[in-house]
Amino acid sequence: MKQFLPVVWWLSAALVIAFVLVGLGYLFADALLLGVLFLPGMLTARYFVPQLSFERRREGILNAVYLALAILGIEYLSLMLGHAVALGTGEGGMPGLLLNPPFIRLLLTAFIAPEMALENHLERRCPYAPSISFVSDRRKITLDPAEILYVESNDSEVWIHTAEGGAYRTKTRISQWETQLDSRFLRIHRSFIVNTARLDRCCPGHVEIGGMTIEISRKYREAARQRLKTAADA
């Protein structure tokens, strides 16, 4: 049920926006189209804004400005496209309210903030799924995610290594595993995802887990540094 909540939330958001647009004089079908076209910018804000870091203040502010402009650009393009499709080019322009950045920001905040709060609440109540299933060598495997040490990508195959010493081969890409696994897991390399709850040792440039030493690549080092309490390499 939890995995379907974002879909239900954002479809409901599109429906609510449609009713707002009906109040601005749009027919419901046209308003619904525009409501759906609000979603690209809204989802961009939802999933990219929390990733902003202001540790380097100037860089953080610049990234925030670029992201805000990108979100507005996405919203404007989507709305202009939807307006042209729904009403054509000969029936006047969009209401000024739809071109008003504070109004767009208000709509984004009105839906994004409650969704994030609800997601955090559910995460606290039931943070981890009790099991995860996948196919390995034509067999269905069900594991407790807590027993997974790390996920390793090796050419066209991905291996799931467990605390009991097992290794399961799967064709599911590591990028898909990254989205399926819960918040205990962290991508630290193009070829590795590790279970942070199972780490034996954390260093700035590598981690040790299950007798393996795995490098933290430069691309993922900053994210890893924020998630892990690293100690100086001895």
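The model is predicted, so local features need pLDDT of at least 70 and side-chain atom pairs count only at pLDDT 80 or more, while totals for chains, interfaces and linings use all residues. Residues are numbered from 1 along each chain as its sequence is written, and side-chain values use heavy atoms, with hydrogens and water left out.

**Whole protein**
- The protein has seven helices and ten strands, where helices (H or I, at least four residues) and strands (E, at least two) are DSSP runs numbered from the N terminus.
- Of the 234 residues in the protein, 34% are buried, and buried means under 20% relative accessible area, exposed over 50%, and partly exposed in between, with a 1.4 Å probe and protein chains only.
- Among contacts (heavy atoms within 4.5 Å) between residues at least 6 apart in sequence, 52% join residues at least 24 apart.

**Strand 3 and its partners**
- Strand 3, residues 148-154, is mostly covered, since five of its seven residues are buried.
- Strand 3 pairs with strand 4 (residues 157-162) in the antiparallel sense over six bridges, and two strands pair if DSSP finds at least two bridges between them.
- These two strands form a hairpin with two residues between them, and Asp155 in the turn has a positive phi of about 60 degrees.
- Strand 3 also pairs with strand 7 (residues 192-195), in the antiparallel sense over three bridges.
- Glu152 stands opposite Trp159 in strand 4 and opposite Phe192 in strand 7.

**Leu5**
- Leu5 lies in helix 1, residues 5-22, and counts as partly exposed because its relative accessibility is 24%.
- Leu5 and Leu118 are 113 residues apart in sequence, and their C-alpha atoms are 9.6 Å apart in space.
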